[in-house]
Amino acid sequence: MLATSSAARTLLARAASQRTTALALGGAVRTMASIDPYSDYGKSVFTGRVADEYLKKHGSSGSILKDPSWTNSHADTVAKAVLDWAIDRGANTYCHWFQPMASSGVRHGQTGQVQNMMMKFNRNTNDVEFDFDGKMLIKGETDGSSYPNGGLRATHKAGGYLAIDTSSPIFLRGDTIFIPAAFVSYHGAALDEKTPLLRSNAALNTHATRVLKHLGLDMTGRKVVSNIGLEQEFFLIPRDQYYRRPDLQLAGRTIIGKDAPRGQEMCDHYMAPPSMANPALACMQEIQDECWRIGIPLKTRHREVAPNQYEFAPLYGLNTTQVDQNLMVMQIIEEVSARHGLAALLQEKPFNDVNGSGKHNNWSIATDDGVMLLHPTKLNEATKHPYALAVVMAAVCSAVDEHGDLMRMAIATPGNDFRLGACEAPPAIVSTYLGDDMTAYLEAFKDGKSGEYVPHTKMIDLGVSEVEPFQVPAEDRNRTSPFPYGGARFEFRAVGSSQNTSMVNTVLNTIVAEKFAEFADAMDAGEKPEELARKVLEKHWRIIFNGNNYCEEMQKALTERGIWRIDSGVEAIARLTAPKNIDLFEKMGVLTKDECHSRQNIMHSHYVGTIEIEAKCLIDMIQQHIIPSVKAAGVGPLDDLEGAVATIKTAIADIHHAEDPYKAAQLSRTLRLETMIDIRAICDAAEEVVPANLWTLATYKELLFLDSHTSVPSEPAQFYGDE
């Protein structure tokens, strides 16, 4: 296998190290795998053994980091250890790393930071000294009015304050250490994505703990946490062709473009071998290497369904850490791809008529010592309660049924306008798939029948001696469901690829926390857990659907059941301020009424801004590229193109005069999904007849097929592995 970048050189170095070790052992073949070539992985994260080593030098240990109160009692000690670690790793700069709202698709890395050197000049001697203490570590300040804030800040009331998030470790990249932080106003209002997620974690822990005590689990010294795993899909395209597409550069998706003669209809790209003839494999290797070095376990890589589409998947972990790491993964994907002559597209639907990209959010809950609340065997064994699983599943199902509108709101990104409901993206109807065995178990439980959940095992025998019979999971996969159960987790499949998933997980935590609170209140009043669960399942049974969510007949039936269906992302966003949802967030201590209203305004404004960028790009592309090409060729719908420009300009003016962000977003959606789609057809008709040598925009054929549109490598190919 060959590659053409530093990723290959890294692997060569490791192979050389292994050969050196073997020679040192007398040339014998080593008998055990050695982790030594990867010993640097994770050392750029201040946690575990790394933190323990440096804290011991200052009379403490890594154990103090397990209690967030170290920020009050040991801040200076930790700061000294962090400084030593940073200097040893070649860093001399720090920043508080936070997550402003409305960053998706526009802000590089989707984070904010002010980078400060950890040094100063001594005022007496002018000698350079280190300058980093506990106060600098745990707190920061910035201008809160310069970020999207929905009216929570203003120029005359601009303070924005940063406080270290102790649930996510400090990490180091290049010459800078990154301190994960919450970002709030002078009055403590959330100005970021992270703060509501942290509050929802607290609510989930409080009320899940109450329920577990009733189910017989000793919660002394334990807490309940939410773990997630985020699968990241994206496209890699030739960078030289990317520069020939103003829409891709500024809006992240192709606003126009005739389909290539070939798409994904042959199902030839999914899980196909990464080609050694283009730079995508080397790019992905380097991305993985850089991620592992900063403690991100980016374990899986593969081709996805659409041409030039790929996926990374990490190991799961605590939700705050996983969100932080996913933001860094997206940033690294974009930066490393440029070094390989590629451009990474993280938007949900960059190309028409092929699959869009998602970020499947695998959500689970567990005690912090490993009792998984969605795992049938582990939960029932830990609680010694035969119906513990049924109680938890009843809480989750009722939460999804009652608050499906909030789940839809949480995935209402501009890119999901084009993605939901086709090409393996679930529709905007929020149901849950449990599989036949789990459904049968819960139905029997609901109807008063006793018994354990015992999933059926299935053996497949191919009838040949070369392949022994093997066992497959109890349940099939349903990739059309927005929220399928997967044995120990639920997978929220409808999440968009460009999203910061904090809001997604804030919603999941909060709606389930509310149900746990209701369950605990009823149990406190003397109701038996199993009787409560049966009653709740009976009421919310409609939310369970194991069929084909793409089937229009089934979609109609689900809608008639009364399951939440909100086709418009703009209308889904508006559900954030529905009275029941404000009451939910305030009751759980996650968002105040003002924070809900501000966040809704921010989301609508972000939608409007995204569509305005797209509309202006379309005007420029028509005027500067398509009309000149049509005139040069002497063929094509010239009059229609000129009229289209005037139509778009009028629509933009109407949006600017809208009375509020909600109305502006409604007008923007009409412009995008009606007017601009009609205009796209005109542009694509022009592309169809203009000779290729006169068409100045990169085509789908040039953008989507790296395997057949790759230039000669600029550096000699490197081989790695056995020689």
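This is a predicted model: local features need pLDDT of at least 70, side-chain atom pairs count only at pLDDT 80 or more; totals for chains, interfaces and linings use all residues.
How many nonpolar, polar and charged residues does the lining of the largest cavity have?

**Figure A. Lining of the largest cavity.** By class, this lining has 12 nonpolar, 7 polar and 2 charged residues. The cavity has a volume of about 310 Å³. Its lining counts 21 residues; Ala102, Glu193, Thr413, Met603 and His606 are the closest to the centre. Helix H13 (404-410) and H20 each supply at least two lining residues. H20 gives the largest share, 5 residues. Over the whole structure, a search finds 5 cavities of 30 Å³ or more.

**Figure B. Packing of helix H20 on helix H21.** H20 spans residues 593-633 and H21 spans residues 638-656. Their axes come within 10 Å and cross at roughly 160°. Angles over 145 degrees count as roughly antiparallel, and H20 and H21 are therefore roughly antiparallel to each other. The crossing of H20 past H21 is left-handed. On the H20 side, the contact is made by Val608, Glu612, Ala615, Lys616, Leu618, Ile619, Ile622, Gln623, Ile626, Ile627, Val630 and Lys631. H21 brings Leu638, Leu641, Glu642, Ala644, Val645, Ile648, Lys649, Ile652, Ile655 and His656. The class count for this contact is 15 nonpolar, 2 polar and 5 charged residues.

**Figure C. Packing of helix H21 on helix H22.** H22 covers residues 661-689. H21 and H22 pack at an angle of about 170°, and their axes are 10 Å apart. This pair is therefore roughly antiparallel. From H21, the contact uses Asp640, Leu641, Ala644, Thr647, Ile648, Ala651, Ile652, Asp654 and Ile655. From H22 come Ala664, Leu667, Ser668, Leu671, Thr675, Ile679, Ile682, Cys683 and Ala686. The contact residues of H21 with H22 divide into 13 nonpolar, 3 polar and 2 charged. Leu641 of H21 is listed in the contact with H20 and also in the contact with H22.

**Figure D. Packing of helix H12 on helix H16.** H12 runs over residues 388-402, and H16 over residues 529-540. The angle between them is about 30°, with the axes 9 Å apart. Angles under 35 degrees count as roughly parallel, so H12 is roughly parallel to H16. H12 passes H16 in a left-handed crossing. H12 makes the contact through Ala390, Val391, Ala394, Ser398, Asp401 and Glu402. The partners on H16 are Pro529, Ala533, Val536, Leu537, Lys539 and His540. By class, the contact of H12 with H16 has 7 nonpolar, 2 polar and 3 charged residues.

Key: Residues are numbered from 1 along each chain as its sequence is written. Side-chain values use heavy atoms; hydrogens and water are left out. Axes are lines fitted to C-alpha atoms, for helices over the stretch in contact, and angles run from 0 to 180 degrees between N-to-C directions. Helices (H or I, at least four residues) and strands (E, at least two) are DSSP runs, numbered from the N terminus. Angles under 35 degrees count as roughly parallel, over 145 as roughly antiparallel, 65 to 115 as roughly perpendicular and the rest as oblique. A crossing is left-handed if the near helix is turned anticlockwise from the far one by less than a right angle, and right-handed if clockwise. Contact means heavy atoms within 4.5 Å. Ala, Val, Leu, Ile, Met, Phe, Trp, Tyr, Cys and Pro count as nonpolar, Asp, Glu, Lys and Arg as charged, and the others, Gly among them, as polar. On a 1 Å grid over the protein atoms alone, a cavity is a set of points where a 1.4 Å probe fits but cannot get out, and a pocket is an open set with protein on both sides within 12 Å along at least five of seven lines; lining residues have an atom within 4 Å of a point. Grid points are joined across faces, edges and corners, and a volume is the space filled by probe spheres set on the points.
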